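Thank you all for coming; before I say anything, please take a moment to look at the sequence and the structure, and then we will walk through them together.

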Amino acid sequence: MVELSHLVERTREGDLEAFTELVRRFQDMAHGYAYSILGDFHAAEDAAQEAFLDAYYKLGDLREPAAFPGWFRRIVFKHCDRAIKRRRMPTVPLEEGMRVTEPSPERSELEECVREAIRDLPERQREATMLYYINGYSQNEISDFLEVPVTTVKKRLHDSRKKLKERMIGMVEKTLKNNAPDERFSQKVVEELLER
């Protein structure tokens, strides 16, 4: 694997293959980080794409090529902040509006519960969780991107998992209680017994 500093230097020289490799290495991280801020996958994708374009044109401003992850994170944040400020009315991407088939209601409901659980995490935990699970970035890679010690990333992931686990257990309990047989169940059993 080509060293990050070398990719940055080659990109500065106009090598589009090197830039393509930078995008590949950081696309999921940029998208996950943007989602942790915006809470919308489509808006996150737009912000990440804009951030990559912005980074390409501003790469000459980066003093130390090895500092690319943290520098790039700030660019992604800037584009997310702009997207939040531009939000006036919720929009639906054209492709989504034209889609004829809908996912099953159960799957949509489950996905929405997961998104809500992630949205409810504190910002720092949400960032670490998205980056870790969106493409399995290592804790060291996340540490570089967020510009925090690895121990901080580990703590945020630990706390996030604990909160998500507690929330999911609560959802499971609620779902099971809501689907438990009610008093009509015993009546039906007795009625069935009497009919035999």
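Let me begin with a question: where is the place of M171? The place of M171 is in helix 9, and helices here, like strands, are DSSP runs numbered from the N terminus, with at least four residues of H or I for a helix and at least two of E for a strand. Please keep in mind that this is a predicted model, in which local features need pLDDT of at least 70 and side-chain atom pairs count only at pLDDT 80 or more, while totals for chains, interfaces and linings use all residues. Residues are numbered from 1 along each chain as its sequence is written, and side-chain values use heavy atoms, with hydrogens and water left out.

Staying with M171, its C-alpha atom is separated by 8.7 Å from that of C113, although the two residues are 58 apart along the chain. If we do not count residues up to four places away in sequence, M171 touches C113 and A117, where contact means heavy atoms within 4.5 Å. K165 counts as exposed because its relative accessibility is 60%; buried means under 20% relative accessible area, exposed over 50%, and partly exposed in between, using a 1.4 Å probe and protein chains only.

Now let us step back to the whole chain. The protein chain has 10 helices and 0 strands, and buried residues make up 33% of its 196 residues. Among the contacts between residues at least 6 apart in sequence, 65% join residues at least 24 apart. The accessible surface comes to about 13,400 Å², of which 53% belongs to carbon and sulfur atoms, and such areas come from the Shrake-Rupley method with a 1.4 Å probe, where for residues only the protein chains shown count as cover.

How do we describe the way helices pack? Two packed helices are described by the angle between their axes and the distance between the axes. The axes are lines fitted to C-alpha atoms, for helices over the stretch in contact, and the angles run from 0 to 180 degrees between N-to-C directions.

Take helix 7, residues 123-135, and helix 8, residues 139-146, whose axes come within 10 Å and cross at roughly 135°. These two helices are therefore oblique to each other; angles under 35 degrees count as roughly parallel, over 145 as roughly antiparallel, 65 to 115 as roughly perpendicular, and the rest as oblique. On the helix 7 side the contact is made by E127, A128, L131 and Y132, and on the helix 8 side by Q139, I142, F145 and L146. Those residues divide into 6 nonpolar, 1 polar and 1 charged, where Ala, Val, Leu, Ile, Met, Phe, Trp, Tyr, Cys and Pro count as nonpolar, Asp, Glu, Lys and Arg as charged, and the others, Gly among them, as polar.

Helix 8 also packs with helix 4, residues 68-86, at an angle of about 60°, with the axes 6 Å apart, and this pair is therefore oblique as well. Here P69, G70, F72 and R73 in helix 4 meet D144, F145 and L146 in helix 8, which by class gives 4 nonpolar, 1 polar and 2 charged residues.

Helix 7 has a further partner in helix 2, residues 16-38, and the axes of these two come within 8 Å and cross at roughly 145°. Their contact includes, among others, M29 and Y33 of helix 2 together with M130 and I134 of helix 7, and its residues divide into 6 nonpolar, 4 polar and 3 charged.

I will finish with E147, whose place is in the loop between helix 8 and helix 9. Most residues other than glycine have a negative phi, whereas phi of E147 is near 60°, a positive value. E147 is partly exposed, with a relative accessible area of 44%.
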